[in-house]
Amino acid sequence: MRARVGVGVLALGALAWVAGGCGSTFDLPTESRGGRAIPTDKSYQMLATWSAMNGITDLLLTQGAGSQLFLLFNFGGVGTAPRGEVRAYPLTRPDPIASITFRELFNPVAIASGGDGAGGANNRIYVLDQGDTCIARTNPNSGTCDAAGGYNTRISDLATYWRVREYRLLGGDTLTTFTDTTLAWVKGIASDASGNVYVSGLAIVNLPNTDDPRLVDREFQWRIYKYARGPKIPGRLPNDKNLPGAAWHRDSTFVIDEGSGIGTVVDPHGLFWSAAGTAPGLYAADFGKNWVQKLYDVGQSTGYWEIDGAQTSTPFNGPTDVAVDLQGYVYVVDTGGRRVLRYAGDASYVQRVDVELDASGLPLRRPIAVAADDSLVYVADAGANEVIRYKRRQ
């Protein structure tokens, strides 16, 4: 709360100085700027509201020395014309850096940073391009995505299917790219220090028929898959048939399945990988279960923990994004609850970030993404077409 220092307070201070002489002491605010007493409770101050951010969909703040801010916009549309873009911004101004562009994007929906697979730990940008499933499965007999004439709706235009694109920190052309034909639709992306990439979405899976185990049923289920660069078997050419034309493969030792318990997911949205805290892990905003989970980043496991907002007395309502700073603090976007919350690395609740209103005096309308470091937090509010910058008071 901001306590105002009025004329009466200043007058009392002056009287105390006159009565007691130069050697007298009296209480003053710890810091005053522009007639305001600045709280020292480590709460978050709203520093700036960047308006007219139409189409804001995701954001990324790279961490460590020389951190960079990237905003991802998606404007929607039909056809094969680009539907979005990624722009780089200074940390303090809503003016995009014109010299940094990310080429070849079609329908971008999420962004992450990670390693290059050759020892560089945080020198790559990975953009998840959702593509257009209908266009990718166009029936050559009818020109639309249907099954007319016996067409089996297979992929006929791979260029418009979803894919991950790898870039340098300054953007430019795509360095590498891949898609996985066993994932029908995608939502979230993360990358680790070794340059592995994690993607969440709806997978096409074959499950035993409950009536006749000799048969299999083709179904859609939520998954998080992990992808590594290079051949599936060392010493051979890339041989993952589900990643056509890519110098990547899916890590068959890792999968997060659909399910109701911890370590499983239902409609996972935002992902984030971090080595901070007691152990590296993959964080997932589990929209379908109203959880945020910390999951193992190797093999299969039950995960580390889950948080559901209960410590605030108000459970999460459709969390869409999660971020972790270098100290291991976890930031959760509770979209339905219209708030952003901060947790410690052990999943204990710390504080609410968005206590102060935006520059128009309004609360968050539909927050969808968050990026953070040790003191700054950026929140994408799609309901107001804004990006709001907060700073924690010391």
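This is a predicted model: local features need pLDDT of at least 70, side-chain atom pairs count only at pLDDT 80 or more; totals for chains, interfaces and linings use all residues.
View 1. With a relative accessible area of 16%, Ala-48 counts as buried because the cut-off is under 20%. Look for Thr-92 here as well: Ala-48 and Thr-92 are 44 residues apart in sequence, and their C-alpha atoms are 8.3 Å apart in space.

**View 2. The largest pocket, about 810 Å³ in volume.** Its lining is made of 46 residues, and the closest to the pocket centre are Ile-111, Ile-189, Leu-271, Phe-272 and Asp-321. At least two lining residues come from each of strands E5 (56–61), E9 (108–114), E13 (183–191), E17 (268–274), E21 (319–324) and E25 (367–372). Sorted by class, the lining holds 27 nonpolar, 13 polar and 6 charged residues.

**View 3. The second largest pocket, with about 400 Å³ of space.** Here 17 residues form the lining, and Arg-137, Thr-181, Thr-182, Ile-204 and Arg-218 are the closest to the centre. Strands E14 (197–208) and E15 (216–229) are the elements that supply two or more lining residues. Strand E15 gives the most, with 4 residues. The classes in this lining are 6 nonpolar, 6 polar and 5 charged residues.

Terms used:
Residues are numbered from 1 along each chain as its sequence is written. Side-chain values use heavy atoms; hydrogens and water are left out. On a 1 Å grid over the protein atoms alone, a cavity is a set of points where a 1.4 Å probe fits but cannot get out, and a pocket is an open set with protein on both sides within 12 Å along at least five of seven lines; lining residues have an atom within 4 Å of a point. Grid points are joined across faces, edges and corners, and a volume is the space filled by probe spheres set on the points. Ala, Val, Leu, Ile, Met, Phe, Trp, Tyr, Cys and Pro count as nonpolar, Asp, Glu, Lys and Arg as charged, and the others, Gly among them, as polar. Buried means under 20% relative accessible area, exposed over 50%, partly exposed in between (1.4 Å probe, protein chains only).
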